[in-house]
Amino acid sequence: MTSPRPDVERRTAGPVDSFGRTIDYLRISVTDRCNLRCVYCMPLSAPDLAEHEGILTATEIESVVRSAVDVGFRKFRLTGGEPTVRRDIVDICQRISAISGVDDLAMTTNAVRMPELAQPLADAGLRRVNVHVDSLSALALPRIMRRGDLNRILAGIAACEAAGLTPIKLNVVVVKGMNDEEVADLAALTLERPWHVRFIELMPLGSSEEARISVVRYVSNVVTRERIEERLGALEPVATTNASDESQNLRVPGAPGVIGLISPVSRPYCGSCNRMRLTADGRFHLCLLRDDDLDVRAALRSEAPATERDQRVREILLRAVTGKPTGHRLEAGLHTRGRRMHQIGG
Ligand code: SAM
Ligand code: SF4
C-alpha cells in the first residue's frame, strides 16, 4: 500500500449515520457469479445473473473506492458471488491497494482458485482472506457447497497461508441437519492452527428455494458457546481492539486459533455496524437483511465531467450512509427478498 495522502490523513473519520454509527467499511461485490452455488446462497440452475455490461468495470470500482476514501472510508473487502472468478480480480486489487487512504483490503472467497491466485493477489496488495468452508468431510461438503471439493478448498487455504494472506479466517455457515454436528470438529482446528474459525448463523435472503431453506433452518440453529465447550472444555474470551467486530471471540486456553460466533439473527450487532455494501451491478445496499438500495452506476456512467461525476458519487454514498437502517424484522416475517446472498456479497 502506498503512503497515505496528507490531505486524506488530515480528514476526519468516516461519515456518521442517523444512528450515530461511523460507517467506514465498504464491502464490494465484484460479481454475482460463482463456481460453487451453496444451497442457501445461489440456485443450482438458471440463476438470474446481471448482464455483463451491467457489472461495474475495474475502473468504475476504483472510482467508487476513491470517492469512498474521500468521504472517510478506510476498510475495503472484495466479495461476490465468488470474486476470484472475475478475470481482472488481480487488477482490481492492484488499483484499490494503490489508493492512498485505503488502510485495509481483504477478500471473502471459497478459495477454489487460490492455488493460482493467492500470490498474485498478495503481490497486488491484498492483505487477508476469509475462506468459506462449511465441512471437513469430503462427502458432506458438496451437500451444502454444491460444486465444492474439500481438497481444492484446503489447497486454496494452504496457498493463502503461504502467500501471507493472514490471519486466515474460516467462515462456516451452520445449517441445521447438514453440518451442525460438525461444529466441534471445525472448532478443534483452532487447537492446531492459528486460524479463526467463525460460525455464522444462517440468514434468510431471496424469495425462492434459498430463502425457504434459510427460513426453515435458521430457527433454533444457534451455535452456542456451551455446545463447543461440551467437546473442547472451557473457552476463554479473546479481547478485540476492533469495536465493529461482529464476532464473539473465544479460545481454548493456550490454543493458537480463535473461535468466533457470529449471530446476526439471534444476537444482532446493528448497534456497531460500520458497513456499506456495493453490489456488482452498482447499487449501495444499505443492510444485509433488508432490500433498501441506491443506484450509483448511472452516476458513474454519466457524460458529466469527471469532477462532477465524482462529486455525485460522493453525494450518493453519503445519502446511502444517512439512509442506513438499524435492526432486522425477521420475527415479523420480513427479510431481504429482492436479492439473494450471491447478489449482495455477505
Ligand atoms: N463466494 C465467497 C464465499 O463464499 O465466501 C464470497 C461471497 S459469499 C456470499 C460471502 C459469505 O456469505 C460466505 O463466506 C458465507 O459465509 C456467507 N453466506 C452466504 N449465504 C449465507 C446465508 N444465507 N446466511 C449466512 N451467511 C451466508
Ligand atoms: Fe458461491 Fe460464496 Fe454463495 Fe457459496 S456462499 S454460492 S461460494 S457466493
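Where is Pro167 found?

1. Pro167 sits in the loop between helix H6 (150-162) and strand S5 (169-174). Helices (H or I, at least four residues) and strands (E, at least two) are DSSP runs, numbered from the N terminus. The peptide bond from Thr166 to Pro167 is cis, with omega near 0°.

2. A note on conventions. This is a predicted model: local features need pLDDT of at least 70, side-chain atom pairs count only at pLDDT 80 or more, and totals for chains, interfaces and linings use all residues. Residues are numbered from 1 along each chain as its sequence is written, chains are lettered from A and ligands numbered from 1 in the order in which they are written, and side-chain values use heavy atoms, with hydrogens and water left out.

3. Ligand 2 has a shell made of Cys34, Leu36, Arg37, Cys38, Cys41, Gly81, Asn110 and His132. A residue counts as near if one of its heavy atoms lies within 4 Å of the molecule. By class, the shell has four nonpolar, three polar and one charged residues. Ala, Val, Leu, Ile, Met, Phe, Trp, Tyr, Cys and Pro are nonpolar, Asp, Glu, Lys and Arg charged, and the others, Gly among them, polar.

4. Arg37 belongs to that shell. Its loop runs between strand S1 (25-29) and helix H2 (58-70). Phi of Arg37 is near 70°, a positive value. Arg37 is buried (under 20% relative accessible area; 1.4 Å probe, protein chains only), at 13%.

5. Ala111 also has phi near 70°. Ala111 lies in the loop between strand S3 (104-109) and helix H4 (114-123). Ala111 is buried, at 0% relative accessibility.

6. For context, most residues other than glycine have a negative phi, and most peptide bonds are trans.

Methods. Buried means under 20% relative accessible area, exposed over 50%, partly exposed in between (1.4 Å probe, protein chains only).
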